[in-house]
Amino acid sequence: MNSIDLHGLKHEDVSRTLDGFLWQNMQNKIKEVRVITGNSEEMKRIVRETISDYGFTSQEEYLNSGVLIIKML
């Protein structure tokens, strides 16, 4: 599964970085990706807000709350 590590990235750079990653994966018809956020609730909020613009959903990875699995359906 493709993944991106946003852990440690400045919050103001998250949406732009994530947009590029999502666009690349959409072009390759990928259905699910991993986004490593760390345990920052603010980072997770920004990611969820960004993916909602695409109509995508997320859930925390089982046993690792620092990773969001994005469903790109």
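## Basis of the description

The model is predicted, so local features need pLDDT of at least 70 and side-chain atom pairs count only at pLDDT 80 or more, while totals for chains, interfaces and linings use all residues. Residues are numbered from 1 along each chain as its sequence is written, and side-chain values use heavy atoms, with hydrogens and water left out.

Helices (H or I, at least four residues) and strands (E, at least two) are DSSP runs, numbered from the N terminus.

## The sheet

Four strands form an open sheet in the order β1-β2-β4-β3, and their pairing is mixed. Two strands pair if DSSP finds at least two bridges between them. β1 (3-5) and β3 stand at the edges with a single partner strand each, so one side of each has no neighbour in the sheet. On average, neighbouring strands are turned by 25° against each other, direction ignored. The axes behind such angles are lines fitted to C-alpha atoms, for helices over the stretch in contact; angles run from 0 to 180 degrees between N-to-C directions.

Strands of a sheet pair through backbone hydrogen bonds, either parallel or antiparallel. Both senses occur in this mixed sheet.

## Pairing strand by strand

β1 and β2 are parallel and share three bridges. Ile4 has Val35 in β2 as its bridge partner. Between these strands the chain passes through α1, and this β-α-β crossover is right-handed. A crossover is called right-handed if, with the strands pointing away from the viewer, the path from the first strand over the helix to the second runs clockwise.

β2 and β4 run antiparallel and are joined by five bridges. Across this pair, Arg34 stands opposite Ile69, and Val33 stands opposite Ile70. β3 and β4 also run antiparallel, with five bridges. Here Gln59 stands opposite Ile69, and Thr57 stands opposite Lys71.

Buried means under 20% relative accessible area, exposed means over 50%, and partly exposed lies in between (1.4 Å probe, protein chains only).

## The helices against the sheet

α1 lies across β1 and β2 and runs at about 160° to β2. α2 lies across β2, β3 and β4, and its angle to β4 is about 5°.

Helix α2 (residues 41-52) has twelve residues, which at 1.5 Å a residue should span 16 Å; the end C-alpha atoms are 16 Å apart, in agreement. The expected span is 1.5 Å times one less than the number of residues. The buried residues of α2 are Met43, Lys44, Ile46, Val47, Thr50 and Ile51. Seen down the helix axis, these buried residues fall within an arc of 160°, so they line one face of α2. The arc is that of the directions from the helix axis to the C-beta atoms. The cover over these residues includes α1 (11-27), β2 (32-36), β3 (57-61) and β4 (64-71).

Thr50 is in helix α2 and is buried, with a relative accessible area of 4%. Leaving aside neighbours within four places in sequence, Thr50 is in contact (heavy atoms within 4.5 Å) with Ser15, Leu18 and Asp19.

Gln27 belongs to helix α1 and is partly exposed, at 45% relative accessibility. Gln27 and Glu60 are 33 residues apart along the chain, and their C-alpha atoms are separated by 24 Å.

## Two residues with positive phi

Most residues other than glycine have a negative phi, and most peptide bonds are trans. Lys29, in the loop between α1 and β2, has a positive phi near 60° and is not a glycine. Lys29 is exposed, with a relative accessible area of 65%.

Where is Leu63 found? Leu63 is in the loop between β3 and β4. These two strands form a hairpin with two residues between them, and Leu63 in the turn has a positive phi of about 70°. Leu63 is exposed, at a relative accessible area of 78%.
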